[in-house]
Amino acid sequence: MFPENFILYSIQILLVVVMIAMIIVVIRSYLLHRQPIFKRFGLGMLIGFITDFGDTLGIGSFATTTAAFRMTHYIDDDRKLPGTLNAVHAIPVMFQALFFITAVKVELTTLLPMTTAAVIGAYVGTHVTKKWHAPTVQRVTAVALLIAVIIMVVRMITTPGSNNSMGVHGLHGWWLILGIVFNFGIGVLMTMGLGNYAPELIFFSLMGVNPAVAFPVMMLDAALIMPTTALNVIKMDRVSWRGFAGVAIGGVLGVIVATKFFTSMNVDLLNKLIVIVALWTIFGLVRDSMKKNV
């Protein structure tokens, strides 16, 4: 028990250190390069609060943020959209992980290898996508959103894993190897605009693990994938800084408020609304990518 608690507390310390590093990077960009992180601050706070509120409830934030950014013209270059999604939500998601990492028991032999694979995938993904042109990014983002919508609809219809035993706390043998490979792929796909929550919940459910047990894994994955991606895309100048502070601060507030509703709120209506908004956003992304070639 002592070594397990020690490792979990060490992970929490790591998250705090990475969070501080992210804050320093943002402040440095503001002071040295005069990035407009406070522009449209109020709108940014609203977007961050709503999207990370839903994220904490397991809905995910990438689909909702993509829709919000495009409806409000928050980003003027779609090539920076995937990088911005990861960077702007990195700090709120690390807050989530701090809340949930010790809330539900999950075996470290599952948590650590799968998270490591996801982080490596994120590092690889940022280098795969760095030279993509705007139409490519728009189409890949549209496909990622469509995959997310399909997964969300499947979850709403079938509620996979809800009857799985809470006594299963991890994966073993070949299932763990499959989980590691799966999470590497998720790490890559997150750099392209696909959130990890819904896919990982489906995966764990199919493996016989209750979705509640999956929360610490998927949140720690996101909490380390996002800053890994963020630090890379910032170096590559693939982040839109406009309103960055507003979204991040609003996101942290959304996480804090959502933890109060985590076990009592019915998110079915929110999921349906997000599906409709995401489908409209997919249409807009595909339409704009076609315009580029006209």
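A residue is termed buried when its relative accessible area is under 20%. In the predicted model described here, aspartate 77 has a relative accessibility of 17% and therefore counts as buried. Arginine 79, with a relative accessible area of 44%, is partly exposed, because that class lies between the buried limit of under 20% and the exposed limit of over 50%.

Aspartate 77 and arginine 79 are joined by a salt bridge, in which the closest N and O atoms are 2.9 Å apart. Side chains of opposite charge can pair when their charged atoms come close.

A salt bridge is also formed between the side chains of arginine 70 and aspartate 78, with an N to O distance of 2.8 Å. Both arginine 70 and aspartate 78 are buried. In total, the model contains 2 salt bridges.

Attention now turns to glycine 195. This residue is placed in the loop that runs between helix H7 (173-190) and helix H8 (197-206). Glycine 195 has a relative accessible area of 22% and is therefore partly exposed, since burial requires a value under 20%. When neighbours within four places in sequence are left aside, glycine 195 is in contact with Phe62 and Met190. Of these, Met190 falls at the end of the range given for helix H7 (173-190).

Definitions and conventions: Residues numbered from 1 in each chain as written. Predicted model: local features only at pLDDT ≥ 70, side-chain atom pairs only at ≥ 80, totals over all residues. Heavy atoms only, no water. Salt bridge = Lys/Arg side-chain N within 4 Å of Asp/Glu carboxyl O. Buried < 20%, exposed > 50% of the residue type's maximum accessible area, 1.4 Å probe, protein only. Helix = DSSP H or I, 4+ residues; strand = E, 2+ residues; numbered from the N terminus. Contact = heavy atoms within 4.5 Å.
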